[in-house]
Amino acid sequence: MTGPTDLPVADTVDVRSGPEVAPGLLSVLPLLGEWHGEGVAAGGDAGDRRFGQWLRFAHDGRDFLAYESRTWLIGDDGRVEGPGVRESGFWRPRGQDDVELLVTSPDGLIELYVGTARTTTSWELTSDVVARTPDAPDTTRAVRLYGIVEGALMYAVDRAGADTPLRPTMSARLERLR
């Protein structure tokens, strides 16, 4: 069998199709959609690495956004070199300006962020809980900034380790696909 799977309750990435948007989503509604673009991952001693990214924020009528992100490494010649970071989770608005973000990755890292809407199109989140498996990246604290600037979704992720201060980890500029 090929093609999309039809589920009895569908997600949607826009406000024109699928279930109605829950009123609680208004503070994160500008994120809704699919986004695509490029970014840079800080590589430390190995140097910075370019990556491509596809990101999706969808809803099913309840008051959270399902979040999915996939990246791929891009070489100096512009060719795709293989898969990069992958994560999924949920954006959970809490009241008018507060928001929670739950993120998990196959690297063995689980992060729970709390934050606020800085404006109607920007959000600042700080990790409240970081859990990791023994072989996960050394992360004890993280901060994420997201903003929509001139129609593009821009974000930056900073992380700290047990013996390292908060430092840039990755950032990107993504254009809306739909």
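1. Of the 178 residues in the protein chain, 38% count as buried. The model is predicted. Please keep that in mind when reading the distances below.

2. Overall dimensions. A compact globule with 178 residues would have a radius of gyration near 16 Å; the protein chain has 17 Å, so the two agree. Along the principal axes, the C-alpha atoms fill a box of roughly 50 × 40 × 35 Å. The protein chain exposes about 10200 Å². Carbon and sulfur atoms supply 53% of that area.

3. Secondary structure. The protein chain has zero helices and 10 strands. Read along the sequence, the pattern is β-β-β-β-β-β-β-β-β-β. Take the contacts with a separation of 6 or more: residues 24 or more positions apart account for 40% of them.

4. In the model, residues 33-39 are 100% strand and 0% helix. The end C-alpha atoms of this stretch are 18 Å apart.

5. Aromatic pairs. The structure holds six of them. In one, F57 and Y67 have ring centres 5.5 Å apart and planes at 40°, so the pair is tilted. F57 lies in strand β2 (residues 49-58) and Y67 in strand β3 (residues 65-74), so the pair ties together parts 10 residues apart in sequence.

6. A second pair. W91 and Y146 are edge-to-face, with 5.1 Å centre to centre and 80° between the planes. W91 sits in strand β4 (residues 80-94) and Y146 in strand β8 (residues 141-149), so this pair ties together parts 55 residues apart in sequence. W91 is buried, because its relative accessibility is 0% and the cut-off for buried is under 20%. Y146 is buried at 3%.

7. The ring cluster. Which residues do the ring pairs link into a cluster? They are F57, Y67, W91, W123, Y146 and Y155. Both pairs described above have their residues in this cluster.

8. Salt bridges at E34. The structure holds 12 salt bridges. E34 takes part in one with R56, at 3.9 Å from N to O. That pair links distant parts of the chain: E34 is in strand β1 (residues 33-41) and R56 in strand β2, 22 residues apart. E34 counts as buried, at 11% relative accessibility. E34 also meets R178 in a salt bridge, at 2.7 Å from N to O. Here the partners are 144 residues apart, with R178 in the segment after β10 (164-176). R178 counts as exposed, at 51% relative accessibility.

9. Other salt bridges. R173 and E175 form one, with the closest N and O atoms 3.3 Å apart. R173 is partly exposed, at 38% relative accessibility. E175 is likewise partly exposed, with a relative accessible area of 38%. Elsewhere, salt bridges that share partners join E87, E111, R144 and R159 into one network.

Definitions and conventions. Residues numbered from 1 in each chain as written. Predicted model: local features only at pLDDT ≥ 70, side-chain atom pairs only at ≥ 80, totals over all residues. Heavy atoms only, no water. Phe/Tyr/Trp six-rings, centres within 6.5 Å; stacked < 30°, edge-to-face > 60°. Helix = DSSP H or I, 4+ residues; strand = E, 2+ residues; numbered from the N terminus. Buried < 20%, exposed > 50% of the residue type's maximum accessible area, 1.4 Å probe, protein only. Rg over C-alpha atoms; globule rule 2.2 N^0.38 Å. Contact = heavy atoms within 4.5 Å. Areas by Shrake-Rupley, 256 points an atom, 1.4 Å probe, with all protein chains shown as cover. Salt bridge = Lys/Arg side-chain N within 4 Å of Asp/Glu carboxyl O.
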